[in-house]
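The following note is meant to be read alongside the sequence and the structure. Please keep both in view while working through the numbered points.

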2 protein chains.
Amino acid sequence: MAKKTQRTPRRSDGLSKELIVKAAADLLDERGESALTLRALTTRLSTGYGAIYHHVENKGDLLAAATDDVVSRVMTGVVVDADPREALRAVASGLFDAIDAHPWVGAQLSREPSMPALLEVYESVGGLLDALGVPERSLFDAAGALVNYVLGVAGQNAANAAARDGGEAARSAFLGDVAARWSRLDPDRYPFVHKAAAHLREHDDREQFLAGVDIFLAGIATLR
Amino acid sequence: MAKKTQRTPRRSDGLSKELIVKAAADLLDERGESALTLRALTTRLSTGYGAIYHHVENKGDLLAAATDDVVSRVMTGVVVDADPREALRAVASGLFDAIDAHPWVGAQLSREPSMPALLEVYESVGGLLDALGVPERSLFDAAGALVNYVLGVAGQNAANAAARDGGEAARSAFLGDVAARWSRLDPDRYPFVHKAAAHLREHDDREQFLAGVDIFLAGIATLR
DNA sequence: ACGTTGTTGGATCGTCGCTCCAACACGCTA
DNA sequence: TAGCGTGTTGGAGCGACGATCCAACAACGT
């Protein structure tokens, strides 16, 4: 583009897919997954449907792009540790933290697992497991298992967050409610769940998630 | 009309929550998750909204009830093996088969993980892990990890099934499409995923799932 | 015979994702 | 400078959804 500039990019601000995706992500972060509607987007961007659909294929495309942003930021940010085991833990906890901060990412990932963003995850996990000495015949099973575990937790997290969305009362009460319901169960018929209810109150989701990762890694070590 | 009967239970057939849930499950099985609409239900049952909403709280309640049916049928049907390890594998593969046959169950489970149906699963898994000798301090982490893995696979399966729903062309092509896309990737930048594409074509979802369960169980064994 | 109660069908509402198109802003050519 | 072409923009409108609401109805007790 010779010309000096083609600036003043049309109207006062100039829309773009980037901008739209950013606005969508903000909406999702601020008001939860159910708040992302095309209508809410048009008012937030003070524009119309046409403008949005000119840059974006459909709502799914929008959600996918926003999720991709978050996940790929995690994957490029992960420290490449010398120890593959530590690097795997770093990938896992990086994903957990991102999903914890943006529950809608968890929902999208467990709903649409062939997303481009997950490609980076698979590649990273597969490579690290390879570096860990997992034999090739088990490599795909192992990587799939680990990623599926992460996706399971992602979905769970998203569901919990959605359940909390209702109101402030619901927010703090939700986990306690489940715990209360569980501890009210007949201890003879449901001994495990009954005991689990106590743990539920004082447990740390992140720690439990990482404990699960460790269990998988221990199991993977036996494949060597 | 002295007694005799109070049969002819109101109208020609007589609606009930059971009947409605059954019809919903049929609809889901036959035409996929997106086909379950209240409107479709009313025409299938040749009734109106009022009748349905009289027996059912809302659409979520309906989905939950249908899912509960499937899952609890699985859990009561599982053979109580003497060997806890085998019993765990039986629970896992029972769930997998049910989700494979009814992908909407997978979607619902990964979306709403505090469902009553999952209570039975947690209880069973927790009890079996206990019987396996997992120390109490690790019991909840282990059970959570295993269940989350199953939920992750469940969501993945549901997503794949939904992607196939489109048409017959899409149905058979879907997995091959992913494999093709993956194998077209730069082998230098994505060595693992590139190799995985080959496996993808000939892999068996069920076998891979069970391999994951075995990895998990091997990891559990190290907790002893 | 008549109200009571529990059930039924469907009109209707508000909201959603999305399509479609007239109006516009700019850069190019003449 | 005038006009055209192209790429953008805003918003009216469509069909489908979940859900609510209510008039009509069927069986029973009295």
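1. This is a predicted model. Chain A has a mean pLDDT of 89, and 91% of its residues reach 70 or more.

2. One stretch calls for caution: over residues 1-10 of chain A, pLDDT stays under 50. For these residues the model has 2 contacts beyond four places in sequence. Where pLDDT is low, the predicted coordinates should not be read in detail.

3. According to an unreviewed UniProt entry, residues 14-74 of chain A carry the annotation "domain: HTH tetR-type". In the model this span is 74% helix and 0% strand, with its end C-alpha atoms 29 Å apart.

4. UniProt (unreviewed entry) also lists residues 37-56 of chain A as "DNA-binding region".

5. How is chain B related to chain A? A rotation of 180°, with 0.0 Å of shift along its axis, superposes chain B on chain A with an RMSD of 0.0 Å. That is the relation of a two-fold axis. The same surface serves both copies, as 100% of the contact residues of chain B recur in chain A.

6. The largest nonpolar core comprises 149 residues, and L41(A), L129(A), L41(B) and L129(B) have the most contacts inside it. In chain B, domain 1 (11-56) and domain 2 (57-221) each supply at least three residues to this core.

7. Apart from neighbours within four places in sequence, L41(A) is in contact with I20(A), A23(A), A24(A), L27(A), L36(A), I52(A) and L62(A). In soluble globular proteins, nonpolar side chains tend to be buried together.

Methods. Residues numbered from 1 in each chain as written. Chains lettered and ligands numbered in written order. Predicted model: local features only at pLDDT ≥ 70, side-chain atom pairs only at ≥ 80, totals over all residues. Heavy atoms only, no water. UniProt positions renumbered as here; feature names shortened; annotations may be inferred. Helix = DSSP H or I, 4+ residues; strand = E, 2+ residues; numbered from the N terminus. pLDDT = per-residue confidence, 0-100. Contact = heavy atoms within 4.5 Å. Least-squares fit on C-alpha atoms with pLDDT ≥ 70 in both. Core = buried A, V, L, I, M, F, W, Y, C linked by side-chain atoms within 4.5 Å. Buried < 20%, exposed > 50% of the residue type's maximum accessible area, 1.4 Å probe, protein only. Domains from an automatic or database assignment.
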